[in-house]
Amino acid sequence: MNPLTPTAPAAVPTPNLGALTTTDLQERVASAADDLARSPNSETRERYLTVLSALEGRGDASRGRERALKPQRVTPDNTSVYNNHLHGRYELFIDGTLAAYLRYEMHRGELWALRTTVDPDYRPSKVQALLIEEVLTDSLRRRVAVLPFCPETREHLAAKREFHKLVPREHWSRFTLRPPRKSRRRRAASADPGK
């Protein structure tokens, strides 16, 4: 063998993802999401997509006993949200389990919130509100305009005035947002210029 002839790299053994339990797959998805956030290269992206597609392809029938193991209490301490740019969605993990995601598209610097999907086991525990709150907070921090086409996102945004400024003013009527009212004190002060 010629020492100058390149040799093919040794194949890295990949585990049979079908043989793993759903809980193990969920843990691998969370780990791969963390790796992708730290080092967004093609290798970590491919690993994340492979494990995520194996998890998403798993039917509800195979998740029977493991559903009972999910945490009953959801707090900001046991949740983490990851902006999956590749799939165009914010994903909420609870103790490493993908519990919900909000699908979005970016158009001319605006985040179009399209739809939220929540695992039915978590619906009663306000997962959706936690996810939407994190998405809107992240958009506020990044100064990205939001168009809430998703009804749940629109409802959450309308209920919290601090997020109204995320929606461009020309779209307020479309999403039934109202400009802030003047307070009575301010109106009284402007009506009585002598004070």
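A salt bridge here means a side-chain nitrogen of Lys or Arg within 4 Å of a carboxyl oxygen of Asp or Glu. Keep in mind that this is a predicted model.

1. Start with the tally: six salt bridges turn up by this rule. The points below walk through them.

2. Take a look at Arg89 and Glu91, which form a salt bridge with their closest N and O atoms 2.8 Å apart. Are these residues buried or exposed? Arg89 has 2% relative accessibility, so it counts as buried, the cut-off being under 20%. Glu91 is buried too, at 0%.

3. Next comes Asp35, which pairs with Arg47; here the closest N and O atoms sit 2.4 Å apart. Arg47 is partly exposed, with a relative accessibility of 34%.

4. Glu133 and Lys160 also meet through their side chains, in a salt bridge of 3.2 Å from N to O. This pair links distant parts of the chain, 27 residues apart: Glu133 is in helix α4 (residues 127-142), while Lys160 is in the loop between α5 (151-159) and α6 (184-191). Both ends are partly exposed, Glu133 at 23% relative accessibility and Lys160 at 28%.

5. Which residues are linked in a network of salt bridges? They are Glu134, Asp138, Arg141 and Arg142.

How values were computed: Residues numbered from 1 in each chain as written. Predicted model: local features only at pLDDT ≥ 70, side-chain atom pairs only at ≥ 80, totals over all residues. Heavy atoms only, no water. Buried < 20%, exposed > 50% of the residue type's maximum accessible area, 1.4 Å probe, protein only. Helix = DSSP H or I, 4+ residues; strand = E, 2+ residues; numbered from the N terminus.
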